[in-house]
Amino acid sequence: MQTFAVEVRIVKTQLIMTKKIIISSILFIFFGTKSPAQVEKNSELYKTILSKDSLLFDIGFNHCNITQFENLLSDKFEFFHDKDSISYKKEFLYNLKNGLCKSPTTYQSRRELVSESTEIYPLYKSKVLYGAIQTGNHKFYETIAGNKETFASSAKFTHVWLLENGIWKLTKSLSYDHQDNNSTNYQSSIFDSDIEIEKWLIENKVPTLGIGVIKDGKLQQVKVFGEIKKGISAPYNTIFNVASLTKPITAMVTLKLVSLGKWNLDEPIYKYWTDPDVSKDKNSKTLTTRHILSHQTGFTNWRGNNKDGKLHFEFEPGTKYQYSGEGFEYLRKALEAKFHKSLNELASELIFEPLQMTDTKYFWDNKTETSRFALGYNDKGIAYETEKNKTSNGADNLLTTVEDYGKFLTSVMNSDGLSDKVFNEMIKNHVETKNGKYFGLGFELYDFGKGEYAISHGGSDKGCQTIVFIFPKTKQGLIIFTNVDDGYKVFEKILKHYLGEYGNKIFEIETK
């Protein structure tokens, strides 16, 4: 709760505690046992708590009316902040008077509740109401020396209100997950409600949406919304065709083999395989895995796009960028020729089985559960006929779930199975694709400056739009799967909600 954070920044003499200890301990006390469901917004309890919230902030905080705090805070009031400290009523009021509210003409803060995020849970003892828990998000704005008001920060909060002699008092307050950006996380209500997300998808004509959220280096949330086909709700473990998100899997198989000393990034590919279409071209003798993984092969995306339907080198490998699925197919055939195993077998040994990615494979077989597959749709809502490829393609058509791909991305983030040298090569800016965006080895890289970056890749086919991001330094990530031609239209809102300022930076780079 930034209201209290301001005064804490001024007076930092209180006891410092870590976020995990504070939040986990308090939430266990309040939510450790099953409590009644949240009350309806038209209920008397909801209206009562919101009125107390308004008195405390709209009148008390926003206008530095200290009396409201004196009246509404319990004598037992405790405040827990995730970055600064614990404080109690007496010291809190002192700091408020002599800090935040000392000179409103010099500095003034305003709190704005994200009302649609508010939830109220009643507390009962022997069926008698004795208190309520209020949770939600809010934003803070500041005015300095009479200048224009500007955004300051956002945060989540939890309040515990108790009835003391029949009067509502704020007894405990938790302030956490502070953000210094005005992200959609605190503006949009749809992500606070699965029902609202479903409505949003219908409005945008997106049949199925899968979201995976990575925090602290672990996949912490998987949600799938919509229908996999008309009238059938999409299950948690919906199987998606993720199009070019196949390429990072192929790349990681290769990089693991490089780390094991079984493959060489800069060894010419022709030693293991040469495509008949380019066997007489001298460029086939210099083509390497590094060229392929960084999309500098000289190949077009697919040979079928050429007038003669054959593969050609359009420029010397390694001289410039040109996205190519053919390059990854070329690599697949070379790997299979050397190791005498299919790409799916290699991936199973190095990735799928170790990570328990039980729903992931390069092709359709008798074990593929068609009942869980999300059909692909065009932008008119008409389903495409599903093409069930029976062999691996190094660049396309991977079948997977949000959970499985999340396991893969966390493994990549933590550089599992990669030597430090190979990981550094993977995240190196090998070739610029646009200002601020590059290809590394198998992944795209967003360069935010000052050493900050994101690893990313997307997928786009008929009835498929997918994209993923991971941030190795902050150990966070995001997975977005859709099954419609124009599924990309929901990306921005999701990115900005879950990634905040990083989401804004990504769209700044994309729209330059």
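Where is Asn397 found? Select it in your viewer and take a look: Asn397 belongs to the loop between α10 and β12 (399–400). Keep in mind as you click around that this is a predicted model. While you have Asn397 selected, check its backbone: phi is near 75°, a positive value in a residue other than glycine.

**Stop 1: another loop**

Now select Ala243. You'll find Ala243 in the loop between β11 (240–241) and α7. Ala243 also has a positive phi, near 55°, and it is not a glycine. Is Ala243 buried or exposed? With a relative accessible area of 0%, Ala243 counts as buried, because the cut-off for buried is under 20%.

**Stop 2: two packed helices**

Next, colour residues 246–259, which make up helix α7, and residues 343–352, which make up helix α10. Two packed helices are described by the angle between their axes and the distance between the axes. For α7 and α10, the angle is about 70° and the axes are 10 Å apart. That makes α7 and α10 roughly perpendicular to each other, because angles of 65 to 115 degrees fall in that class.

Which residues make the contact? On the α7 side, show Ile249, Thr250, Met252, Val253, Lys256 and Leu257. On the α10 side, show Leu343, Leu346, Ala347, Leu350, Ile351 and Phe352. Sort the residues of this contact by type and you get 10 nonpolar, 1 polar and 1 charged.

An α-helix has 3.6 residues a turn, so residues three or four places apart point the same way.

**Stop 3**

How many of the residues of α10 are buried? The count is 8 of the 10, so α10 is largely enclosed by the rest of the structure. The buried residues are Leu343, Asn344, Leu346, Ala347, Ser348, Leu350, Ile351 and Phe352. To see what covers them, show α7, α9 (325–339) and α11 (402–413), which are included in that cover.

**Stop 3: a sheet of 9 strands**

Time for some strands. Look for the open sheet with the order β10-β9-β8-β18-β17-β16-β15-β14-β13, where the pairing is antiparallel. Which strands sit at the edges? They are β10 (232–233) and β13 (431–434), and each of them pairs on one side only.

Select strand β14 (residues 437–439) and strand β15 (residues 444–449), which run antiparallel and are joined by 3 bridges.

Helix α14 lies across β13, β14, β15, β16, β17 (464–471) and β18 (476–482), and it runs at about 105° to β15.

**Stop 4: β1 and its partners**

Strand β1 runs parallel to strand β7 (residues 167–179), with 5 bridges joining them. Show Leu73 and you can pick out its bridge partner in β7, Leu170.

Strand β1 also pairs with strand β2 (residues 86–88), this time in the antiparallel sense and over 3 bridges. Here Glu78 stands opposite Tyr88 in β2, and a hairpin joins β1 to β2 through 4 residues.

**Last stop: Tyr176**

Finish by selecting Tyr176, which is in strand β7. At 15% relative accessibility, Tyr176 counts as buried. What joins the side chains of Tyr176 and Thr158? Draw a distance line between them and you'll find a polar contact of 2.7 Å.

Notes: Residues numbered from 1 in each chain as written. Predicted model: local features only at pLDDT ≥ 70, side-chain atom pairs only at ≥ 80, totals over all residues. Heavy atoms only, no water. Axes fitted to C-alpha atoms, helices over the stretch in contact; angles between N-to-C directions. Parallel < 35°, antiparallel > 145°, perpendicular 65-115°, else oblique. Contact = heavy atoms within 4.5 Å. Nonpolar A, V, L, I, M, F, W, Y, C, P; charged D, E, K, R; others polar. Buried < 20%, exposed > 50% of the residue type's maximum accessible area, 1.4 Å probe, protein only. Pairing = 2+ DSSP bridges. Polar contact = N/O pair within 3.5 Å; in protein donor to acceptor, adjacent residues only side chain to side chain.
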